[in-house]
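Trainee: Please show me the model, and then I will ask about it.
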Amino acid sequence: MSGDAGPAAGGQSAGARRVIDTSVAHSARVHDYWLGGKDNFAVDRAAGDTVMASYPGIVMSVRANRAFLARAVRFLATEAGIRQFLDIGTGIPAANNVHEVAQSVASSSRVVYVDYDPVVLLHAQALLTSSPQGAIDYIDADLRDPQTILHRAAQTLDFSRPVAVLLISILHLIADHDDPYGIVRQLMAAVPTGSYLTLSQAASDIDAEQTAEAARRYDQLARETFRQRSRAEVLRLFDGLELVEPGLVAVPRWRPASELEARAKSAIWGGVGRKP
Ligand SMILES: C[S@@+](CC[C@H](N)C(=O)[O-])C[C@H]1O[C@@H](n2cnc3c(N)ncnc32)[C@H](O)[C@@H]1O
């Protein structure tokens, strides 16, 4: 999609074609740009470059976040034995999508993806390639309406059995007035004991000056506003849950696969909590 010729993928719905807005940066497409993808427009690359100019660490941050996602899903599928995943804020497919990691451990894993971006919707077909033993669904919905998500996800997930709710790099796009704490509470109220919350969120207290300036500039160019949060604010999202080791840490420090991985810089907090 690079080059602004418009969506290259065929077969998209008329609705999706209508609402792709190339006049303002969208988080899914900017994120894709930072990850080295091609599904972005000039406006997204401009926003991405503006952030990189204030905070060059952003590219390493988002790549470390993606690696955290893969390690966390592997932990959930192996050590925690989770077979159902609700991934809200899926993003444009990249390496190690949730179903790829989960079904590589247990082919019967069931995954529901949720995003509100029409470009992600265009890629839903690619996301929906399940193992024959498992199941995958894609829901075009807004995190700010968690009850709709839960209602539709129940067509694929059995909410009487444990579910891992994934909110990876999405909550900093939810403003305080949209009540991120209430949203997380509603999602976790719907899943039984033994379920997990896995989340990552941009930090306000790592490389604070640079990242605040980057966020301020991003807000001038993007559709969603960017709300960084401190470690204490992110910790509150896990209220009522038991954090698994090593707790809430910068994402490279969450069960890194190597010393090298642990030493990466990232201004993103990440953690995994279990519902007791
Ligand atoms: C920064 S990307 C993260 C993608 C992926 N989770 C990852 O970490 O690689 C944020 C994603 O959340 C989606 N998003 C943002 N606000 C949303 C909302 N209110 N409802 C649903 N999706 C949302 C965006 O469209 C985008 O795809």
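**Helix packing and ligand shell**

Mentor: Helix α4 (residues 58-78) and helix α5 (residues 98-105) pack with their axes 9 Å apart, at an angle of about 35°. Helices here are DSSP runs of H or I with at least four residues, numbered from the N terminus. Axes are lines fitted to C-alpha atoms over the stretch in contact, and angles run from 0 to 180 degrees between N-to-C directions. This is a predicted model, in which local features need pLDDT of at least 70, side-chain atom pairs count only at pLDDT 80 or more, and totals for chains, interfaces and linings use all residues. Residues are numbered from 1 along each chain as its sequence is written, and side-chain values use heavy atoms, without hydrogens and water.

Trainee: Which residues of α5 make the contact with α4?

Mentor: Contact means heavy atoms within 4.5 Å. On the α4 side, the contact is made by Leu69, Ala70, Val73, Arg74, Ala77 and Thr78. From α5 come Val98, Val101, Ala102, Ser104 and Val105.

Trainee: How far is the ligand nitrogen atom from a backbone N or O atom of glycine 89?

Mentor: Glycine 89 is among the closest of the 22 residues that surround the ligand, where near means a heavy atom within 4 Å. A polar contact is a pair of N or O atoms within 3.5 Å. For the backbone atom of glycine 89 and the ligand nitrogen atom, the distance is 2.6 Å.

Trainee: Which element gives the largest share of the shell around the ligand?

Mentor: The elements giving two or more residues to this shell are α2 (27-34) and α4. The largest share is three residues, and it comes from α2.

Conventions
A polar contact is a pair of N or O atoms within 3.5 Å; within protein, one must be able to donate a hydrogen and the other to accept it, and residues adjacent in sequence count only if both atoms are side-chain atoms.
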